[in-house]
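Keep the 3D view at hand and follow along.

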Amino acid sequence: MDLTLRVNGQIHSLNVSPERTLLDVLREELGLVGAREGCGVGMCGACTVLINDQPLSSCLLLAVQAQETEVTTIEGLASPEGLHPVQQAFIDHAAFQCAYCTPGFILAAVALLKQQPQPDEEAIRAYLAGN
Ligand code: FES
């Protein structure tokens, strides 16, 4: 089926099978490999992307469900001026660990800070529980 996705501010016209997940299309059709497949069933958060600024598991979304939304992947956070402050904070505080799930953590943190600019530790832990 024909599909139009807006990802990181760019419009992409694609032809994909209707059963393909957003995660697959991002990685395999658009080459955006920052979102990763861990569990594949919505439990680990490694595949987190932002849909209209809300963190969602792209392994659970069909690509077609992301039409008419703004999809943001980890590749879309940095600007020509530099890294997003949350990306820089992860570097500054050695928060990468093995880095497999880091893009999802960063995107979830970005979404949290957009909703709550001064979250307390309890709010942070609760918000990042899906990662
Ligand atoms: S791959 Fe684990 S939540 Fe999507």
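## Starting at Val 86

Which helix does Val 86 lie in? Val 86 belongs to helix α2, which covers residues 85-92. One thing to know before going further: this is a predicted model.

Is Val 86 buried, exposed or partly exposed? Val 86 counts as partly exposed because 18 other C-beta atoms lie within 10 Å. If you skip the neighbours within four places in sequence, Val 86 is in contact with Ile 106, Ala 109, Val 110 and Leu 113. Phe 105 is 19 residues away from Val 86 along the chain, and their C-alpha atoms are separated by 9.8 Å.

## Where two helices meet

A packed pair of helices is described by two things, the angle between the axes and the distance between them. For α2 and α3, the angle is about 125° and the axes are 9 Å apart. That angle is why α2 is called oblique to α3. The crossing of the two helices, α2 and α3, is right-handed.

Which residues of α2 meet α3? They are Val 86, Gln 87 and Phe 90, and on the α3 side you'll find Thr 102, Ile 106, Ala 109, Val 110 and Leu 113.

## The sheet

Next up are the strands. In general, strands of a sheet pair through backbone hydrogen bonds, in either a parallel or an antiparallel way. Here, five strands make an open sheet with mixed pairing, and their order is β2-β1-β5-β3-β4. β2 and β4 are the edge strands, each pairing on one side only. From one strand to the next, the twist averages 40°. Helix α3 packs on this sheet, where it touches β3 and β4, and its direction makes about 30° with that of β3.

Take a look at β3 and β4 in particular. These two strands pair in the antiparallel sense over four bridges. Leu 50 stands opposite Pro 55 in β4, while Ile 51 has Gln 54 in β4 as its bridge partner.

How many residues lie between the strands in the hairpin of β3 and β4? There are two residues between them, and in this hairpin Asn 52 takes a positive phi near 50°. Asn 52 has that positive phi although it is not a glycine. Asn 52 sits in the loop between β3 (48-51) and β4 (54-57). With 11 other C-beta atoms within 10 Å, Asn 52 is exposed.

Glu 68 is another non-glycine residue with a positive phi, in this case of about 60°. Look for Glu 68 in the loop between β4 and β5 (70-72). Glu 68 has 9 C-beta neighbours inside 10 Å, so it counts as exposed.

Nonpolar side chains tend to be buried together in soluble globular proteins. In this model, the largest nonpolar core has 27 residues, and Leu 22, Ile 106 and Leu 107 have the most contacts inside it. At least two residues of the core come from each of β1 (2-7), α1 (22-29), β3 and α3 (102-115). The largest share is from α3, with seven residues.

Which residues of α1 are buried? They are Leu 22, Leu 23, Val 25 and Leu 26, and the buried residues of α1 pack against β2 (10-15). As for Leu 107, its contacts beyond four places in sequence are Thr 48, Val 49, Leu 50, Pro 55 and Ile 74.

## A last stop at Thr 48

Thr 48 has its place in strand β3. Is Thr 48 buried or exposed? Thr 48 counts as buried because it has 28 C-beta neighbours inside 10 Å.

What is Thr 48 in contact with, leaving aside neighbours within four places in sequence? The list is Ala 35, Pro 55, Ser 57, Gly 104, Leu 107, Ala 108 and Asn 131. Leu 3 is 45 residues from Thr 48 in sequence, and the C-alpha atoms of the two are 21 Å apart in space.

Notes
Residues numbered from 1 in each chain as written. Predicted model: local features only at pLDDT ≥ 70, side-chain atom pairs only at ≥ 80, totals over all residues. Buried ≥ 20, exposed ≤ 12 C-beta atoms within 10 Å, placed from the backbone. Pairing = 2+ DSSP bridges. Contact = placed C-beta atoms within 7 Å. Core = buried A, V, L, I, M, F, W, Y, C linked by C-beta atoms within 7 Å. Axes fitted to C-alpha atoms, helices over the stretch in contact; angles between N-to-C directions. Parallel < 35°, antiparallel > 145°, perpendicular 65-115°, else oblique. Left-handed = near helix turned anticlockwise from the far one by under 90°.
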